[in-house]
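User: I'd like to learn how to read a few features of this structure. Could you take me through them one by one?

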Amino acid sequence: MSDTDSNSDTEDLIETSGDDDDEDLGNPDYKNWVRAAKGLEYLQQGLAPFVSTEITENVTNFFKGLPLASGQVNCNQCTKANLLADHPAGKCNSKDRNKCYCNIQKNKRRLCPNGICSKLYHFIVQEHRSNDPLWLNSDIAKWCSDVWFVAKCFMTSSCGTANSAQSTDAAGLLSIVVNAKFFQQKLTCKIDPGKDDFSKARNARNEILHKAEMKLSEQELFYYIDLFVAVLHDPKTLLNDKDAQDAVKKLFKLKDNQIHINMGEKKKILLAREEALKALKTIEEEKEKALENIITTRDDTLQCIEDKKLEVLDELEEVRADVISGSEMKIAKTVEDVAMIDERLKQVEEYLENIKKQEIKRCISRSHSKDEIQDTGAACDHYYGNTEIKTDEDTIVNVEDADVSLRDYQKELAEEGVKGTNVVIMAPTNSGKTRVACKITQEHLRKKRDGKVIFLVENEALAYQQGKVFSKLLPAYRTKVISGTVQRDKKMFLKDFIHMRDILVVTAQILLNSLKTKEIDSLVQFSLIVFDECHHAHDLHRYNEIMGHYIDLKLQNVSPLPQVVGLTASLGVGGNSDPKAAMDHMEKLLTNLDAAFLCTVKRNKEGLQKIENRAKEHIVVAEARVDDLYKKAILENMHAIDGYMINHPSLSEVPQASELKNKCRVPSSAGDTPFQNWLSDFKKALGDVHSQRVRRMMFPCLEHLEIYNKSLMVHADARIKDARAVLVEFMEEHQYKTDKTGKNETDKMLLELYENLKAKSFDNEPENPKLLKLGELIINILGNDKHAKGIVFVKTRDLAKAISNWMNETDNLKQFNAKECVGQAASLIKGFEMLSVFRGMTRAKQKNVLEYFRGGHHKLIIATSIVEEGIDITMCNLVIRYEHVTNEIVRLQSRGRARAANSKYYVLTEAGSWIVGKEEKNKMLEGLMNQIVPLLQAKIEKDPLAWQQRLTERQKYMKQLEEERNERDRKAKMEQGVKELHCFKCSKFICLSSDIRRIKGTQHVVIDQDVQKRITWTRKPIPKFKNDDLKFDGTTLCGNSTCKQKLGGVCEYMGIEFPLIAITYFLVVDENNKGRTFKKWKDVNFDIEDYSLEQFQEIVDERK
């Protein structure tokens, strides 16, 4: 078999040689299948030497540890029939002791006469991940002469005559890696059967070779090849293994169609498939036989039971006759007899059902390990469990369009929407607003057969949750969920499905991006737009930006416009305690949504109250720490940094030294939110400083002040242990960076301060009083009810993780199996290159936590704002807001999570905290909102036409203000001219503002090739979104060798590489040499052009 390079990357090089042409290879999908099967061969070639080496090394080391009298490892006398296992202290470590060689037919067995095989048996069981080796796969007599017969015990299924790593297929090698625990020490990938890349690659072999039609899409092919590459790219050992990397090169060529596959190779692939299918057929035949035996046994047993039952009934009839003429005692006795017999019959039937299930499992396990069965189930759950929308079909036939059933109060909420009116629907959490939206959608689509409904949500988890609701309640209509992941991973775009689906459940950012890039020309392509959690439709929120497009169309007299429906639990009052300002806030929100009506439950309040359990509210105040030694130690370091900065000799180089000293003085608010605001102001002030020496001194001081403040904030609400973990994570990263760039006097001072702090012990410090109070509340409410559940809301991801750890490390709180549930997070904090102690959770992990919470595995979750609104979670008995309150809307929604009977809602804070006053104000604002809503409704309903006119007038006025603001910004940017972008840390010039372009509306890159002289960058082997035109990965750094500050990532667009920069790392300098910093690109004081195809072609020509 030979692999040769191609002279062309574009021509199709999978070809045949032989007597006849293979017409199938002209089929792209069949060709993809052949390439995938070939990929398995390359994977095998890359793994075989590694697996062979590791098996040999570990078995040899075991032999060296044996106390052998002769010093020779030599035995061929032991077999499966005569070997007795030698477990230390007689403790069997096998998964099934009844099948272990220390127990089964024990009287026919003996220990290895050479003192080897019996101990090796124990070693194999001990090192097997599930303590269940496949003995039938091996020949014990050859264990000492050929280590591969030891390796075969770690395989999952029979490998036939394969007696070496080179002759074992990829699935066999991967099974060994997954099952033999000693491989973990040579891998970075954590082996977790069914979930890690090695397990997935093992399953891929069956998926490919068992494919009925021998066809794969290019997307499926690329997934398998990328998976094989990921296995062979494991950093710890395989990344530096020559055979593995040679195989990776072949896989990349295979992916790019640069591999010849001749007819002989193709026949070998088909032969491998035929053998795999034979094995699968054997398994299926064994399963069928076992099921037949079970059914026969069950039928015979049930017949015996039925016969016995008839006999018993005859006896009972005789007893009944006796009883009629007998005493009451006999009657009672007979009733007991009947009940006992019925109960025994039920037990027998349950027992038979269990026998059936166990027999099926045993039957399957003869050819497949438990891991394989679990892996398959997990894969199916991952693929179908969370994302399957049953009505995501191009055509739906023979499905009844059954009416969506509503309660009376829901019918009231739906009335205006069903009429086709623009409306905002306000109702409590868990009152079924999504169901109301489904009813409005159903009636809308019945009236408009070509109607298109788009349901907008805030995030991907909500998109799938609501999509499944629409699919369930409206099975006659085609529903599609579109999110960022769907577009990236599945290459399914909103623009492509508008005409192929009736209902689109979409994350709002996707629609907004499509409007900005003109992929969707106008909102008139939809006939109904529904905004979930519509109270967000104000200021710069994406909902409001979308409605801005709608209002533009309205003011241009475009007709017909789509109907707009908003759903919310609370309009809020915008934090205004003045009734007039509160009313204005609500009117503005309705104006933004062009709402003709505000619908609430009025006539059917009784029905609503039946499903609404309002939690009892309490504010709990805990005592503050007394003589807080850790806080004192942190403040000492912060004050030392303060003194170092204001007394540093470099300040003499700065004209405004006294002003700068005042701005950089550390305030007394350390450990609180105001200190974070000061840090932001300090950073802005540093933007006006052009002395590189001063900036190089102050920048790391600023970083350390922020991390000390972060540690204090965690310390205030959690343990000292958790607060120190924040410092350790950052300091390790900081030391690594300074080791690369070199330490100056400031770096040495800062590290010395940290080392002094690190040397101090705080082991004898008392527990945080707030944590003790938190534990007390949890135990009181949840401790006596095994079905009770609760949520603790906290401000940050790090605090959620810290409290979860504390609970699971505290004896009387372990019972609740607490788990954090937080959003996804970048690794950067506040624009500085600081690692977060806790990086957040993916959507899949969030889903798992919530599913375990619903099922009762976790009785308590520690959550950030991600579960405050929208996400459907189980009824809770307890909700605690732990040192964290925001506004009246969040208060209402988080309290609504506690909707079980007799539930409790607590706000827990420290004595003297502002939290108490804020919560009381929020309670007052919620009451104010409830007072104003009926007044606003009366105002609208009194004269609907006048309200419509008022909406239009306000929309015109708001549009005018927006245009004036945009014009001012445009003129200001034009007048200010081109800016220079400097590294914020060292002031090195990086690029001009005119060198920056925006790709696809979101990514900002530098197109000037000369920027390479002023930066350095690194790339990863496999970029993120590697199958897209736009790929990004790696890191762009400042080119100053003493700085090396991170400036962003690396972007590859249609094959051309660019620095991908983040504005937060830059100082923007104008023509007057005045610098400014920005957190977001939308705020910068210069224009940024979109990257045009013409410009791209020019760059391609330049770089040829």
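User: Let's start with Glu 941: is this residue buried, exposed or partly exposed?

Analyst: Buried means under 20% relative accessible area, exposed means over 50%, and partly exposed is in between (1.4 Å probe, protein chains only). Glu 941 has a relative accessible area of 40%, so it's partly exposed. One heads-up: this is a predicted model, where local features need pLDDT of at least 70 and side-chain atom pairs count only at pLDDT 80 or more, while totals for chains, interfaces and linings use all residues. Residues are numbered from 1 along each chain as its sequence is written, and side-chain values use heavy atoms, leaving out hydrogens and water.

User: Which residue forms a salt bridge with Glu 941?

Analyst: The general idea: side chains of opposite charge can pair when their charged atoms come close. We call it a salt bridge when a side-chain nitrogen of Lys or Arg is within 4 Å of a carboxyl oxygen of Asp or Glu. Here the partner is Lys 602, with the closest N and O atoms 3.1 Å apart. That pair links distant parts of the chain, 339 residues apart: Lys 602 is in the loop between β7 and α19, and Glu 941 is in helix α30. Helices (H or I, at least four residues) and strands (E, at least two) are DSSP runs, numbered from the N terminus. Lys 602 is partly exposed too, at 39% relative accessibility.

User: How many salt bridges does the count come to?

Analyst: The count comes to 54. Another of them joins Asp 394 and Arg 501, at 2.8 Å from N to O. Asp 394 sits in the loop between α10 and α11 and Arg 501 in the loop between α15 and β4, so this pair ties together parts 107 residues apart in sequence. Arg 501 is buried at 4% relative accessibility, while Asp 394 is partly exposed at 44%.

User: What about Arg 895 and Glu 926: are they buried or exposed?

Analyst: Both are buried. They form a salt bridge too, with the closest N and O atoms 2.9 Å apart.

User: At what angle do helix α11 and helix α12 pack?

Analyst: Two packed helices are described by the angle between their axes and the distance between the axes. Axes are lines fitted to C-alpha atoms, for helices over the stretch in contact, and angles run from 0 to 180 degrees between N-to-C directions. Contact means heavy atoms within 4.5 Å. Helix α11 and helix α12 pack at about 35 degrees, with their axes 9 Å apart. Among the residues that meet are Leu 413 in α11 and Ile 440 in α12.
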